[in-house]
Amino acid sequence: MDHEVFSGSLKKIPIYAHKNYLAPPFPSNAIVVDEMLRLADVKSGKDVVYDPACGDGRIPIRAVQEPFCAARAVGIDIDKELCKIAREKVKTSDLQDKVRIKNRDIFKCDLSEADVVTLYLSEPSNERIRPKLERELKKTARVVSHSFRMESWNPSKTSDINASLGNDKKYAYPRRIYLYRMDEI
Ligand SMILES: C[S@@+](CC[C@H](N)C(=O)[O-])C[C@H]1O[C@@H](n2cnc3c(N)ncnc32)[C@H](O)[C@@H]1O
């Protein structure tokens with residue numbers, strides 16, 4: 001097959017057909033985001049927060065804002081359009097010096113500087129990235145996962161919240177958030 005034609009065809013494959021595609025673009029509701037960051041105990045002015053599948057960037061943006069005030073946050077997403085939206089939100093919030101959005105595949109990014117990693121994927125997808133997290137994360141790092149546990153890890157804590165307490169009725173059902181401390185898994 002002609003290489004040019006083959007490359008062109010590849011571009012037409014939807015992103016969700018990518019072999020490393022881990023979860024569809026369902027956002028975490030604002031109440032859940034705050035509870036994830038609270039449970040992770042983000043250290044103000046010190047911690048670096050990573051959302052390795054960040055969607056529209058709501059978690060990294062929130063992480064550097066009051067009351068969490070992470071030193072920096074990095075959002076990664078395989079979907080170019082979502083990264084564009086996330087970068088616009090970062091710019092509108094005037095947070096370019098604190099939040100970086102990378103249009104990358106999570107499997108091609110180094111997560112070793114993260115103090116906190118936030119996840120909203122699925123149990124099979126958590127299992128796929130588990131070896132990477134175990135290899136790269138510091139012993140002091142924390143992983144918080146919205147709704148989906150990491151099957152072979154022991155959570156240090158869980159938090160059950162009812163997102164219907166907020167205004168966004170679309171996500172009006174209870175959620176569990178899992179906290180994993182890398183030195184306790
Ligand atoms: C359920 S959404 C979660 C978005 C955000 N973390 C939140 O909680 O609001 C999952 C995101 O994972 C992204 N994604 C899927 N596979 C990925 C991969 N291999 N690398 C980076 N991002 C990926 C999707 O594009 C989607 O935006």
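Two residues are in contact if their C-beta atoms, placed from the backbone, lie within 7 Å. Keep that cut-off in mind for the first stop on this tour of a predicted model.

**Stop 1: helix H2.** Select residues 30–39, which form helix H2. Now colour Val-32, Val-33, Glu-35, Met-36 and Leu-37, the buried residues of this helix. What do the buried residues of H2 pack against? Show H3, strand S4 (116–119), S5, S6 and S7, and you have their partners. As you turn the helix, remember that an α-helix has 3.6 residues a turn, so residues three or four places apart point the same way. Just after H2, click on Asp-41, where phi is positive, at about 55°.

**Stop 2: the whole sheet.** Next, show the strands as a cartoon. You are looking at an open sheet of 7 strands with mixed pairing, in the order S3-S2-S1-S4-S5-S7-S6. Which strands lie at the edges? They are S3 and strand S6 (157–162), and each of these pairs on one side only. From one strand to the next, the twist averages 15°. Strands of a sheet pair through backbone hydrogen bonds, either parallel or antiparallel, and the next stops let you see both kinds.

**Stop 3: the parallel side.** Select strand S1 (residues 48–51) together with S2; they run parallel and are joined by 4 bridges. Find Tyr-50, which stands opposite Val-74 in S2. Is S2 mostly covered or mostly exposed? Mostly covered: 5 of its 6 residues are buried.

Now follow the chain between these strands. S1, H3 and S2 make a right-handed β-α-β unit. Carry on, and S2, helix H4 (residues 80–92) and S3 make a right-handed β-α-β unit too.

**Stop 4: an antiparallel pair.** Move along the sheet to strand S5 (residues 142–146) and strand S7 (residues 174–181), which run antiparallel and are joined by 5 bridges. Pick out His-146, which stands opposite Ile-177 in S7.

**Stop 5: around the ligand.** Finally, select the 24 residues around the ligand; Ser-28, Ala-53, Gly-55, Ile-106 and Tyr-120 come nearest. Helix H3 (58–63) and strand S2 (72–77) are the elements that give two or more residues to this shell.

Key
Residues are numbered from 1 along each chain as its sequence is written. This is a predicted model: local features need pLDDT of at least 70, side-chain atom pairs count only at pLDDT 80 or more; totals for chains, interfaces and linings use all residues. A residue is near a molecule or strand if its C-beta atom, placed from the backbone, lies within 6 Å of it. A residue is buried if 20 or more other C-beta atoms lie within 10 Å of its own, exposed if 12 or fewer, and partly exposed in between; C-beta atoms are placed from the backbone. Two strands pair if DSSP finds at least two bridges between them. A crossover is right-handed if, with the strands pointing away from the viewer, the path from the first strand over the helix to the second runs clockwise. Axes are lines fitted to C-alpha atoms, for helices over the stretch in contact, and angles run from 0 to 180 degrees between N-to-C directions.
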